[in-house]
Amino acid sequence: MALFAGIAMNAETVVFINDNGNDENDGATPATPVKTLTKALSLIPADADGTMVFNGKYTQLASFEPTAARTGTITYTQKYDGVDYRGDDHDANAYTLNKGMRFGLTTDAIFENITFHHTAASNPYLMVIANYNSVTIGEGCEMTGSFQWSQIATSFTILGGCQDNTNKVKKDSKYNPNITIKSGYVYLVAFNRGGKGDSFPVTKDNTATINLEGGKLQALYLCSVGSEASGSTTVNLKGTELVKYGTMHNDGRVFGDGKTMTLNLESLDRQEQYAALEYIDVRMFEEVKTELVVPARVFESDSYTLSDGTEMPYRVYMTPTDYTTEPKRLVLFLHGLGSRGNDNSQQLSGIGAAPIYPIANEISNAIIIAPQIPSGERWVTLTGGYSFESEQTKWIAGAQELTKKLATENGVDHENMYAVGSSNGAAAIWAMLNSDNNLFARVIPISGYGEENPDTDALIARIGQTPMWVFHGTADATVTVNGMQALAPKLAAANKNFKYTEVEGADHATIWRIAAMTPGFTEFLTGTLSSGVSSVGVNETAVKVNGRTICVEAENAGVYSLSGMTVESKAYKGGIKVFELPTAGAYIVTADGSAIKVLVK
């Protein structure tokens with residue numbers, strides 16, 4: 001009897017709640033729901049685990065700010081005992097908000113199989129304030145409606161720390177936030193955003209742990225926002241989609257005083273690690289756990305004196321040597337305008353730097369050079385993509401001189417000298433091709449050609465049979481695809497070694513990653529991948545979509561989100577590559593170098 005009594009005492013309490021409920025009810029069954037979060041929480045013993053089941057639409061009308069201490073874990077869900085109470089219309093039956101709200105926690109919380117739907121036109125946010133409790137966004141969560149995702153106050157935001165005007169941090173708190181994301185769309189802050197009026201003794205010994213296992217991440221502040229109360233942060237990236245470049249932020253509050261930022265990619269396979277590193281500015285982390293070479297960490301710093309006495313900073317790296325078959329190689333990487341400066345760093349980690357990663361990790365016996373030009377300067381004079389009116393600047397001349405110097409010192413032959421460029425750096429490659437002193441045997445310009453002038457005969461003649469693989473996105477508003485679409489057929493007719501990949505839906509912020517992750521990227525540079533014209537639609541017949549299953553008849557195939565994140569890639573001879581997608585939506589599929597946008601339902 002005592003044994004059974006013990007089991008009963010520890011049984012989890014389940015409380016049902018919806019808009020039609022009544023706080024006079026006991027909340028114990030779907031037919032007797034309560035109406036408010038405060039009442040539902042009061043029905044769960046403070047020292048026990050409990051589950052709140054929203055069995056129908058629930059509207060939060062005011063910020064939820066409990067103050068009583070608790071020790072059990074509360075699960076918030078719309079699915080219980082095999083029944084999904086969202087029905088066929090998740091938004092109509094959602095956890096609904098009609099203005100910005102707060103949701104304070106006094107114990108560990110799990111949200112799973114729940115739809116948060118916001119209807120507000122301004123400040124559409126739900127701010128989950130952890131107060132240093134553990135927060136898990138489990139499987140099956142959705143954030144829909146008018147969330148705008150531009151900032152904390154327009155997002156589904158989780159604050160790993162305390163907001164002191166919501167409720168007070170626990171006296172015995174260890175100040176170690178723990179946030180796990182498995183689904184949904186989120187905006188995260190590792191430590192508290194507040195701190196006014198209370199003293200939060202957060203030090204380097206306090207570590208926030210962020211586990212990113214699924215869903216989508218709009219932003220993550222590794223530190224606090226608006227407060228000095230920050231400790232160290234460890235980010236374990238295991239599968240969450242990073243929605244945009246620059247997703248992770250560190251505004252400097254956490255540097256120094258022994259605090260460390262750690263990025264752990266060890267749970268990802270090699271391709272997934274590429275996808276993450278090519279999208280994250282690793283300079284904000286003191287430690288990056290990965291099997292890959294991280295250029296910003298290993299490239300040596302140097303500078304080259306131009307003919308007018310100007311110093312041009314550059315980074316250089318020699319990849320591991322393979323004495324068996326590989327010749328000595330040299331790769332010049334030219335950055336875009338967004339990586340200009342004098343830090344001699346941004347060209348390796350800023351937007352457009354994605355190609356550096358596969359080059360540094362997949363090509364042996366290679367000297368990689370990455371010069372940087374100052375703010376306000378350009379490789380070619382015009383702002384947009386390459387145009388016949390553009391003039392080469394002293395920076396191109398300096399990059400070529402540096403290339404020849406290092407090639408001579410290291411015994412690199414012309415046929416093993418390659419150039420890769422992003423945006424204005426790609427425009428520089430076109431300018432060098434359209435000159436009489438091109439140094440490079442193979443080139444990959446990415447989103448750098450903007451000229452629509454049909455008089456391209458001289459350019460095509462100068463390029464001759466130089467192997468080149470050009471990438472451009474159809475949604476590029478900075479350097480439009482029109483010029484490349486006009487030039488590509490002519491180059492294809494004249495140059496058997498010309499290869500063109502036009503990516504449907506890719507813009508000027510995502511094309512770099514898609515290009516760098518395209519199977520065969522480095523093999524093309526080294527001459528181990530056969531050339532051939534490739535563009536949108538060329539291999540449409542090789543891609544079959546059936547529901548959420550995509551079948552690709554190609555040796556090298558990949559599936560990417562529209563933001564450029566890798567969903568999955570496969571490369572081996574023979575057989576059809578099958579991809580099972582977890583969610584419906586639009587994706588980019590590559591097949592042996594060509595790309596096409598598909599929709600799965």
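Q: Quick one to start. Is Trp-149 buried or exposed?
A: Trp-149 is buried in this predicted model. Its relative accessible area is 9%.

Q: Why does that count as buried?
A: Because buried means under 20% relative accessible area, and Trp-149 has 9%.

Q: Where is Trp-149 in the chain?
A: Trp-149 sits in a loop. The loop runs between β13 (142–145) and β14 (156–159).

Q: What about the phi of Trp-149?
A: Phi of Trp-149 is near 65 degrees. That is a positive value, and the residue is not a glycine.

Q: Which loop holds Ser-447?
A: Ser-447 is in the loop between β29 (442–446) and α9 (457–463). Its phi is positive too, near 55 degrees.

Q: Is Ser-447 buried or exposed?
A: Ser-447 is buried, with a relative accessible area of 1%.

Q: Let's back up. How many helices and strands does the protein have?
A: The protein has 12 helices and 38 strands.

Q: And how much of the protein is buried?
A: Of its 601 residues, 56% count as buried.

Q: What about the surface?
A: The accessible surface comes to about 23600 Å². Carbon and sulfur atoms hold 48% of that surface.

Q: Now helices. How many residues are in α7?
A: Helix α7 covers residues 394–410, which is 17 residues. From first C-alpha to last, α7 reaches 24 Å. That is close to the 24 Å expected at 1.5 Å a residue.

Q: Which residues of α7 are buried?
A: The buried residues of α7 are Trp-395, Ile-396, Gly-398, Ala-399, Gln-400, Leu-402, Thr-403, Leu-406, Ala-407 and Asn-410.

Q: Which elements cover them?
A: The cover includes strands β24 (300–305), β25 (311–318), β26 (329–334), β27 (366–371) and β28 (417–422). Helix α8 (424–433) is also part of the cover.

Q: What comes just after α7?
A: Gly-411 does, with a positive phi of about 65 degrees.

Q: Back to α8. How many of its residues are buried?
A: α8 is mostly covered, with 10 of its 10 residues buried. Among them are Asn-424, Ile-429, Trp-430, Met-432 and Leu-433.

Q: New topic: Asn-365. Where does it lie?
A: Asn-365 lies in the loop between α6 (356–362) and β27. Asn-365 is buried, with a relative accessible area of 10%.

Q: What is Asn-365 in contact with?
A: Leave aside its neighbours within four places in sequence. Asn-365 is then in contact with Thr-319, Pro-320, Thr-321, Asp-322, Glu-326, Pro-327, Lys-328 and Arg-329.

Q: And Asn-342, buried or exposed?
A: Asn-342 is exposed, with a relative accessible area of 73%. It is in the loop between β26 and α5 (346–349). Asn-342 and Met-312 are 30 residues apart in sequence. In space they are 9.0 Å apart, C-alpha to C-alpha.

Q: On to pockets. What is the volume of the largest pocket?
A: The largest pocket has a volume of about 1100 Å³.

Q: Which residues lie nearest its centre?
A: Gly-215, Lys-216, Glu-241, Pro-582 and Thr-583 lie nearest the centre of the largest pocket. Its lining has 37 residues. By class, 15 are nonpolar, 13 polar and nine charged.

Q: Which elements supply the lining of the largest pocket?
A: β13, α3 (270–277), β35 (566–571) and β37 (585–591) each supply at least two residues.

Q: What about the second largest pocket?
A: The second largest pocket has a volume of about 400 Å³. It is lined by 21 residues. Pro-519, Gly-520, Glu-523, Asn-556 and Ala-571 lie nearest its centre.

Q: Which elements line the second largest pocket?
A: α3, α6, α11 (511–517), α12 (521–526) and β35 each supply at least two residues of that lining. The lining divides into nine nonpolar, seven polar and five charged residues.

Q: Last one: how many cavities are there?
A: A search of the whole structure finds four cavities of 30 Å³ or more. The largest cavity has a volume of about 50 Å³. Its lining includes Leu-41, Phe-64, Arg-70, Tyr-76 and Asp-108. That lining has seven nonpolar, three polar and two charged residues.

Notes:
Residues numbered from 1 in each chain as written. Predicted model: local features only at pLDDT ≥ 70, side-chain atom pairs only at ≥ 80, totals over all residues. Heavy atoms only, no water. Helix = DSSP H or I, 4+ residues; strand = E, 2+ residues; numbered from the N terminus. Buried < 20%, exposed > 50% of the residue type's maximum accessible area, 1.4 Å probe, protein only. Areas by Shrake-Rupley, 256 points an atom, 1.4 Å probe, with all protein chains shown as cover. Expected span 1.5 Å × (residues − 1). Contact = heavy atoms within 4.5 Å. 1 Å grid on protein atoms, 1.4 Å probe; cavity = no way out; pocket = protein on both sides within 12 Å on 5 of 7 lines; lining within 4 Å. Points joined across faces, edges and corners; volume = space filled by probe spheres on them. Nonpolar A, V, L, I, M, F, W, Y, C, P; charged D, E, K, R; others polar.
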